[in-house]
Amino acid sequence: MIRDNLTTIRQQIFDAAERSGRDPLKVQLLAVSKRFDVQKIQEAFDQGQLLFGENYIQEAEKKIYELPSSISWHFIGHLQSNKAKLAAQLFQVIETVDRLKIAKALNKHAQEIGKTLDILVQINIGQEKQKAGVDPQDAELLLKELGNMENLRIRGLMAMPPFSNDPEQTRPHFKALRKMSDQFTDKGYFAHNAPTILSMGMSNDFRVAIEEGSTLVRIGTSIFGKRT
Ligand SMILES: *Cc1c(COP(=O)(O)O)cnc(C)c1O
C-alpha cells in the first residue's frame, strides 16, 4: 500500500510541477511519519523515500536510532526550549523556528556539537490565534536576528495555512507565502550556499501548493493512511 501510495504521489507531484511550468526535480517530498511505526517508515525508505518529518521529539528519538542513518529528518512540530538540545542532535532541518528564544537555544546546542543546523522560519500565514508561527509582519525582524547565529543556516519559510477542505481556499495563503519568500530571498536573508526551501502543502492541498511555488510538500495521510 505504501509503495502504491508513493508511486501515485510522486506522479501527482510531477504533474503539478509540469503543468505550472516548474522543474519537477525542484519539488521534494517529505513523508510525515508521526504516529507511524518504524516498519512503516522502513517500507517507505525501501521505496527510495529519504526525507521524513516528525512532530514529537521523544517519539522521533526512538525511531531515528532504529532507522538507517541515510534518512534526513525534518522536525515539523511545535518545539519547546527544553527539547532544543535533542532536536539539534536528531534532526537535519528544524522547520518550525518562530521565535528568538528557540533559535538561540538551537544555535547554542548546534554549536556545542559542532553542527550547522538547517532551519526554516514558520509563518503564521493565516494569523490564527491558536497556531504557531511568527506573524507575517514580524517575520523580517526575526530573520534579521537569526542572521547573526553562526550555527544556524536559514533555508527558507514554512507554513500551515488555515485548514479547508477546498484547496482553492488555501491558494491565496500559498501565494502570499511565496511572495514573502521571494522578497526575503531578494533581501538576502536565506543561505546563499544552498537552495531556498518553501515548505507548504499537505495531503489535501499539495498540488495547489506546488502550482504556487512550493519546493517541499509535507505528506502523511496519503502515504501512510489515516493516523489513529
Ligand atoms: C501532520 C502534518 C502534516 C501531514 O499532514 P497530512 O494531512 O497527514 O498529509 C504536514 N505538516 C505538518 C506540520 C503536520 O503536523
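Visitor: What do the buried residues of α1 pack against?
Guide: In this predicted model, the buried residues of α1 pack against β1, α2 (38–46), α8, β8 and α9 (221–224).

Visitor: Which residues of α1 are buried?
Guide: Ile2, Asn5, Leu6, Ile9, Ile13, Ala16 and Ala17. They cover an arc of only 100° around the axis, which puts them on the same side of α1.

Visitor: And which ones are exposed on the other side?
Guide: Over there, Arg3, Asp4, Thr7 and Arg19 are exposed.

Visitor: You listed β1 and β8. Do they pair in the parallel or antiparallel sense, and over how many bridges?
Guide: Parallel, over 4 bridges, with β1 being residues 28–32. Leu30 stands opposite Arg218 in β8.

Visitor: What about the faces of β8, covered or open?
Guide: Both are covered. Leu216 and Arg218 are buried on one side, and Val217 and Ile219 are buried on the other. In a regular strand the side chains alternate between the two faces of the sheet.

Visitor: Switching to aromatics. How many pairs does a search of the whole structure find?
Guide: It finds 5 aromatic pairs. One of them is Phe52 with Trp73, a tilted pair at 5.7 Å centre to centre, with 40° between the planes. That pair links distant parts of the chain, since Phe52 is in strand β2 (residues 51–54) and Trp73 is in strand β3 (residues 72–75), 21 residues apart.

Visitor: Are those two buried or exposed?
Guide: Buried: Phe52 has 0% relative accessibility, and Trp73 has 2%. Then there's Phe75 with Phe91, whose ring centres are 5.3 Å apart and whose planes are at 70°, so this pair is edge-to-face. Phe75 lies in strand β3 and Phe91 in the loop between α4 (84–90) and β4 (93–97), so the pair ties together parts that are 16 residues apart in sequence.

Visitor: What are the accessibility values for Phe75 and Phe91?
Guide: Phe75 is buried with a relative accessible area of 0%, and Phe91 is buried at 0% too.

Visitor: Which residues form an aromatic cluster?
Guide: Phe184, Tyr189 and Phe190 form one.

Visitor: Which side chains make polar contacts with the side chain of Asp118?
Guide: Two arginines are involved: Arg153 at 2.8 Å and Arg155 at 2.7 Å. Leaving out residues up to four places away in sequence, Asp118 touches Gln92, Val93, Ile94, Arg153 and Arg155.

Visitor: And Glu212, buried or exposed?
Guide: Glu212 is buried, with a relative accessible area of 10%. Its place is in the loop between α8 (206–211) and β8 (216–219).

Visitor: What does Glu212 touch?
Guide: Not counting residues up to four places away in sequence, Glu212 touches Arg171, Phe174, Lys175, Arg178 and Met200. With Lys175 there is a side-chain polar contact of 3.3 Å.

Visitor: Where is Gln80 relative to Glu212?
Guide: The two are 132 residues apart in sequence and 31 Å apart in space, C-alpha to C-alpha.

Key:
Residues are numbered from 1 along each chain as its sequence is written. This is a predicted model: local features need pLDDT of at least 70, side-chain atom pairs count only at pLDDT 80 or more; totals for chains, interfaces and linings use all residues. Side-chain values use heavy atoms; hydrogens and water are left out. A polar contact is a pair of N or O atoms within 3.5 Å; within protein, one must be able to donate a hydrogen and the other to accept it, and residues adjacent in sequence count only if both atoms are side-chain atoms. Contact means heavy atoms within 4.5 Å. Helices (H or I, at least four residues) and strands (E, at least two) are DSSP runs, numbered from the N terminus. Buried means under 20% relative accessible area, exposed over 50%, partly exposed in between (1.4 Å probe, protein chains only). Rings of Phe, Tyr and Trp (its six-membered ring) pair if their centres lie within 6.5 Å; planes under 30 degrees apart count as stacked, over 60 as edge-to-face and the rest as tilted. Two strands pair if DSSP finds at least two bridges between them. The arc is that of the directions from the helix axis to the C-beta atoms.
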